[in-house]
Amino acid sequence: MTHDHRPPSGHAGGAHRWRLVLALVLIGGFFVVELVTGLLSGSLALLSDAGHMAADVVTLAAALAATVIAVRPDRSGRRTFGHYRIEVFASLLAVLIMLGVAVGVVIAAIGRLGHRVEVDSGPMLVVGVLGLIVNLVVLMLLRGGAGESLNVKGAYLEVMADTVGSIGVILAAVLLRFTGATWVDTAVALAVGVFIAVRAVILAREVLGVLGQAAPPGIDPERVRADLTAIDGVVDAHDLHLWTLTSGMEVATVHLVVDPGRDPHPVLDAAQELLSTTHGIAHATVQTEPTDHHGCLEIGW
């Protein structure tokens, strides 16, 4: 049996920590501006966007903290995988916050239906435009890491939803100015709330896939099994398990049945090379067994 102890292919979240820092500074600063303006103007669309920006602040702070905690060595001796999975829990927090904001916005919007409210479209338009600019800058910052880190992706989707919110605020302010229809403000807030909920559900599916230890996206277990079985000297591959520890860190364990008399070392080297180069699995535990070994059949699960 052999263990691949080469450094992981990449702690993706840590590599993009600087993006999270800049994003947190920009979003946190503008949140205050948007909240104050929303309260003064009476715009629910603006307040819903401010609420979402508050969620952005919490999500970005949690994502940033996770990248720091994830690389700390475990001193208890019990966390054999370290703290890497903390980033996945930070992504789950992002999901919960997004859903909470969505529910709050929808409830507030429904509560306004049938009621006429006074909304000042001037400050609403100015802050909406400024918010859109800030969000676009932050999106460009986070885009580079969203494809590599689930943690950064959670923050990216948060800001993307907020960008849509800013566009909604601008649209509502323009329509208010030219039509005077205050229901537009409520309708935009309701649409933003629904959009946030949809994005949260999409991210939740990915997070639950990692926590449920499903095979990583893009890796077909049957293809991996077939490739391992095709290695010269391998009769069968079983007890194959594939999962994601955290973004950029895929893990595998497998038992290989080897021809009698075959030197297992070349087989192990070939299996490790195959898993790493062909399937992107840098950390794998491979166990070899002779054809007359039946211990695996006695395992109850």
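The points below concern a pocket, a pair of strands and several individual residues.

The model is predicted. Its largest pocket has a volume of about 420 Å³, and the lining draws at least three residues from each of domain 1 (12-212) and domain 2 (221-298). Strand 3 and strand 4 pair in the parallel sense.

**The largest pocket**

- The lining of the largest pocket comprises 21 residues. Those nearest the centre of the pocket are Glu206, Pro217, Thr244, Ser247 and Glu250.
- Two or more lining residues come from each of helix 6 (150-179), helix 7 (183-211) and strand 2 (234-246).
- Helix 7 gives the most to this lining, with four residues.
- Sorted by class, the lining holds nine nonpolar, seven polar and five charged residues.

**The parallel strand pair**

- Eight bridges join strand 3 (residues 249-258) to strand 4 (residues 283-290) in the parallel sense.
- Val257 has Glu289, in strand 4, as its bridge partner.
- Between strand 3 and strand 4 the chain passes through helix 9 (residues 264-278), and this β-α-β crossover is right-handed.

**Exposed and buried residues in helices**

- Trp183 is placed in helix 7. The relative accessible area of Trp183 is 59%, so this residue counts as exposed, the cut-off being over 50%.
- Trp183 and Ala109 are 74 residues apart in sequence, and their C-alpha atoms are 9.6 Å apart in space.
- Thr59 belongs to helix 3 (residues 44-70). Thr59 is classed as buried because its relative accessible area is 3%, and buried means under 20%.
- Thr59 and Gly154 are 95 residues apart along the chain, with a C-alpha separation of 7.9 Å.

**Residues with positive phi**

- Gln213 is not a glycine, and its phi is positive, near 55°. Gln213 sits in the loop between helix 7 and helix 8 (221-229).
- The relative accessible area of Gln213 is 46%, which makes this residue partly exposed.
- Asp239, which is likewise not a glycine, has a positive phi of about 50°. Asp239 is found in strand 2.
- Asp239 is partly exposed because its relative accessible area, 28%, falls between the 20% and 50% limits.

Notes
Residues numbered from 1 in each chain as written. Predicted model: local features only at pLDDT ≥ 70, side-chain atom pairs only at ≥ 80, totals over all residues. Heavy atoms only, no water. Pairing = 2+ DSSP bridges. Right-handed = clockwise from strand over helix to strand, strands pointing away. 1 Å grid on protein atoms, 1.4 Å probe; cavity = no way out; pocket = protein on both sides within 12 Å on 5 of 7 lines; lining within 4 Å. Points joined across faces, edges and corners; volume = space filled by probe spheres on them. Nonpolar A, V, L, I, M, F, W, Y, C, P; charged D, E, K, R; others polar. Domains from an automatic or database assignment. Buried < 20%, exposed > 50% of the residue type's maximum accessible area, 1.4 Å probe, protein only.
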